Amino acid sequence: IKKVFQPKPLVGKNVIVTAGGTKETIDPVRFIGNRSSGKMGLAMAKIARDLGAEVTLITTVATNLGGINIIHVQTADELMTHLQDTFPDTDVLVMAAAVADFKPINVADQKIKKNADNDVFTIKLTKNPDILKTVAATKKNQFVVGFAAETQNLLANAEKKLASKNADVILANNVSQMGAGFNVDTNRITLLQKNKQPETWPLMSKVDVAKKFWDFYLHR
Ligand code: CTP
Ligand code: CA
């Protein structure tokens, strides 16, 4: 059978997808999180699997998907460690995780009690590593896809991320728009690439975004 009829065009490709919001530890029972559902990343992973790729999903989402190698993590630091282990052998990285920009400086080893002297409780935060930037800086032939979540100046901000993070593609979405981004089933994406005009896709389901992305990847 001719190659054009190959129904699984990602056979032989190693794909890593990161998905979900990181949970930054405060104490043994608490974390700082965000509203990311992980749906966009999960859809990216499933479609890649359906197209024949060997998929590793590094995620904070409690999920179990057949035919996908899942690594469960909580914090940005854990996500980074696992990604650094797996990245050298991958062909494509889809960085859909909503990584917390900051984490508590100190992690309490016991549950923090409320009966402190003060009514005000302060948690000091420190910056997390920029995982995408750190990992993509080591890239050889890997195709690296980042996301950009913006509430304003979408194009300008996403262009900056494309340049500064050494990504091949940025999928930008306006998370303040109805039906796009966090914790919904649909998304409105603008795809940015170096030296090409940005492409804005219509509002569609996250599964359709994933199909359209892998189609773009295969025909780029
Ligand atoms: N990202 C990352 N590590 C971080 C923060 C973000 O790898 N510490 C990745 C995200 O997974 C995403 C991309 O970088 O693929 C853009 O994330 P975003 O939050 O939109 O941008 P930031 O660079 O964090 O900048 P800001 O939040 O200030 O807009
Ligand atoms: Ca951020």
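A residue counts as near a molecule if one of its heavy atoms lies within 4 Å of it. This model is predicted. In it, 14 residues surround ligand 1. Met 95, Ala 97, Leu 132, Lys 161 and Lys 165 are the closest.

**The shell around ligand 1**

What classes of residue make up the shell around ligand 1? Nine are nonpolar, four are charged and one is polar. Helix 3 (131-136) supplies at least two residues of this shell, and so does strand 9 (143-150). Which element gives the most? Strand 9 does, with four residues. The space that ligand 1 takes is the largest pocket.

| Residue | Protein atom | Ligand 1 atom | Distance |
|---|---|---|---|
| Asp 101 | polar side-chain atom | oxygen | 3.1 Å |
| Pro 129 | polar backbone atom | nitrogen | 2.8 Å |
| Ala 149 | polar backbone atom | oxygen | 3.0 Å |

Ligand 1 exposes 570 Å² when taken alone. The protein buries 77% of that area.

Ala 149 meets an oxygen atom of ligand 1 through its backbone. Asp 101 uses its side chain.

Where does Asp 101 lie? Asp 101 sits in the loop between strand 6 (92-95) and strand 7 (102-104). Its side chain has a polar atom 3.1 Å from an oxygen atom of ligand 1. Asp 101 also coordinates the calcium ion, ligand 2.

Technical notes:
Residues are numbered from 1 along each chain as its sequence is written. Chains are lettered from A and ligands numbered from 1 in the order in which they are written. This is a predicted model: local features need pLDDT of at least 70, side-chain atom pairs count only at pLDDT 80 or more; totals for chains, interfaces and linings use all residues. Side-chain values use heavy atoms; hydrogens and water are left out. A polar contact is a pair of N or O atoms within 3.5 Å; within protein, one must be able to donate a hydrogen and the other to accept it, and residues adjacent in sequence count only if both atoms are side-chain atoms. Accessible areas come from the Shrake-Rupley method with a 1.4 Å probe; for residues, only the protein chains shown count as cover. On a 1 Å grid over the protein atoms alone, a cavity is a set of points where a 1.4 Å probe fits but cannot get out, and a pocket is an open set with protein on both sides within 12 Å along at least five of seven lines; lining residues have an atom within 4 Å of a point. A molecule sits in a cavity or pocket if more than half of its atoms lie within 2 Å of its grid points. Ala, Val, Leu, Ile, Met, Phe, Trp, Tyr, Cys and Pro count as nonpolar, Asp, Glu, Lys and Arg as charged, and the others, Gly among them, as polar. Donors are N, O and S atoms within 2.8 Å of the metal (3.2 Å for Na, K and Ca); water is not among the atoms, so sites may look incomplete.
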